[in-house]
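Please keep the sequence and the model in view while reading.

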Amino acid sequence: MPDLSLSRRGLLRAAAGGAAATSLAACGPGAAASGSAGKGVAGQLRIGFQPPYIVMDVLQKQKTLASALRGDGTDVSLKVLDPTVIQQSVAGRALDLGVGGLGPIQLSGQPFTVVALVEHSPRTQALLVRKDSGIKSVTDLKGRKLGSYGTTINANLFVLRAAEKAGIDTDEIRFIPLTTDQITAALLSGSVDAVQTWDPFVAQLEASQRTRTLLTGQGLVENYVVIYGHRDYVKKYPKTIAKALRTYRKALTWVNAHHDEALRLFASANKLDAEVAALTFRRREYLLSAPNERFLSDLKRQERELKASGVLTKSVDWDAAIDHTIAAEALATER
């Protein structure tokens with residue numbers, strides 16, 4: 001494997017580069033939503049999500065969201081996409097809402113508004129080494145090759161925070177940017193000494209019984225998953241979003257009440273074997289709520305860290321980036 005190692009700043013700048021590509025893509029033409037803005041109801045709702053999000057799988061399979069919004073004359077489309085593509089598509093108005101993780105880079109550079117929290121799963125991120133590795137703690141990563149997602153800012157902050165807590169100068173770790181397709185093979189082949197990844201990839205490596213988990217994200221990253229939209233769509237169509245959130249709540253209730261059936265759907269929809277699906281499923285904290293203070297505090301901490309590293313220069317407009325009312329009002333009804 002070629003030497004693609006990055007320094008601390010280089011690693012963070014790689015993440016910023018991913019956001020810049022999103023910004024360029026957003027300049028292209030996008031499909032504007034139709035509907036009655038005065039009524040807050042849209043003529044279409046196009047949502048992009050990255051697996052494995054079981055509630056979205058339920059909405060897609062059971063077609064409950066399409067059914068709930070049909071009476072308003074709203075056409076619904078749910079698409080499984082790469083997170084970067086989702087961000088590009090929401091920014092360019094080719095999608096109306098996205099489900100995934102967002103950080104200050106995206107929120108400062110794109111017209112995104114977070115409308116709800118749907119997951120809080122720090123344990124799904126982990127640092128792993130081979131089972132026979134001499135690496136026993138994060139301190140032992142000094143001078144080693146660490147495979148990480150070079151364009152994923154949340155993942156990078158997990159690694160950087162873990163190193164800081166262990167008292168390591170992160171410039172002494174050789175970060176190797178890898179894709180999701182490369183990371184498992186790189187670790188097992190010995191091309192890298194350790195990897196940072198998340199479920200279901202963590203679960204797949206654990207199931208192989210050839211790796212050890214060095215550290216999880218617990219206590220280091222919050223790892224929220226959110227529903228977000230283009231600011232124009234959020235402002236114009238709060239009633240459509242509110243009805244979608246109430247339908248999401250019903251699907252989440254179904255998941256909690258039908259664990260075994262939901263787990264089988266989870267495994268099938270994400271092409272996972274039973275053991276990997278079960279490991280991933282139980283480490284995820286599914287929820288549905290309005291953005292809260294803990295979430296906002298975490299984002300502001302990320303903003304401070306990114307500014308201190310020289311990666312982020314533009315402050316986030318938090319009033320525009322976070323909507324606290326749509327989900328709060330929607331979920332206060334029909335309980």
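Contact here means heavy atoms within 4.5 Å. Helices (H or I, at least four residues) and strands (E, at least two) are DSSP runs, numbered from the N terminus. The model is a predicted one, in which local features need pLDDT of at least 70 and side-chain atom pairs count only at pLDDT 80 or more, while totals for chains, interfaces and linings use all residues. Residues are numbered from 1 along each chain as its sequence is written, and side-chain values use heavy atoms, with hydrogens and water left out.

The chain contains 15 helices and 13 strands. Of its 335 residues, 54% count as buried, a term for under 20% relative accessible area, with exposed meaning over 50% and partly exposed in between (1.4 Å probe, protein chains only). Among the contacts in the chain with a separation of 6 or more, 83% are between residues 24 or more positions apart.

Strand S8 (residues 145-148) and S9 run parallel and are joined by four bridges, and Ser 148 stands opposite Pro 177 in S9.

Strand S5 (residues 97-100) has partners of both senses. Strand S3 (residues 44-49) pairs with S5 in the parallel sense over three bridges, whereas S5 and strand S12 (residues 224-230) run antiparallel and are joined by four bridges. Val 99 is the bridge partner of Phe 49 and also of Ile 227 in S12. In a regular strand the side chains alternate between the two faces of the sheet. In S5, Leu 97 and Val 99 point one way and Gly 98 and Gly 100 the other way, and all are buried.

How is helix H2 (residues 54-62) packed against helix H11 (residues 259-269)? The two helices pack at an angle of about 90°, with their axes 10 Å apart. H2 is therefore roughly perpendicular to H11, the classes being roughly parallel for angles under 35 degrees, roughly antiparallel over 145, roughly perpendicular from 65 to 115, and oblique for the rest. Ile 54, Asp 57, Val 58 and Lys 61 in H2 meet Ala 262, Leu 265, Phe 266 and Ala 269 in H11. By class, this contact of H2 with H11 has six nonpolar, no polar and two charged residues; Ala, Val, Leu, Ile, Met, Phe, Trp, Tyr, Cys and Pro count as nonpolar, Asp, Glu, Lys and Arg as charged, and the others, Gly among them, as polar. Lys 61 is exposed, with a relative accessible area of 59%. Lys 61 and Leu 265 are 204 residues apart in sequence and 9.0 Å apart in space, C-alpha to C-alpha.

H2 also packs with helix H10 (residues 238-257), at an angle of about 105° and with axes 9 Å apart. H2 and H10 are therefore roughly perpendicular to each other. The residues of H2 in this contact include Met 56 and Leu 59, and those of H10 include Tyr 248 and Trp 254. The residues of the contact of H2 with H10 divide into ten nonpolar, two polar and no charged.

Notes. Axes fitted to C-alpha atoms, helices over the stretch in contact; angles between N-to-C directions. Pairing = 2+ DSSP bridges.
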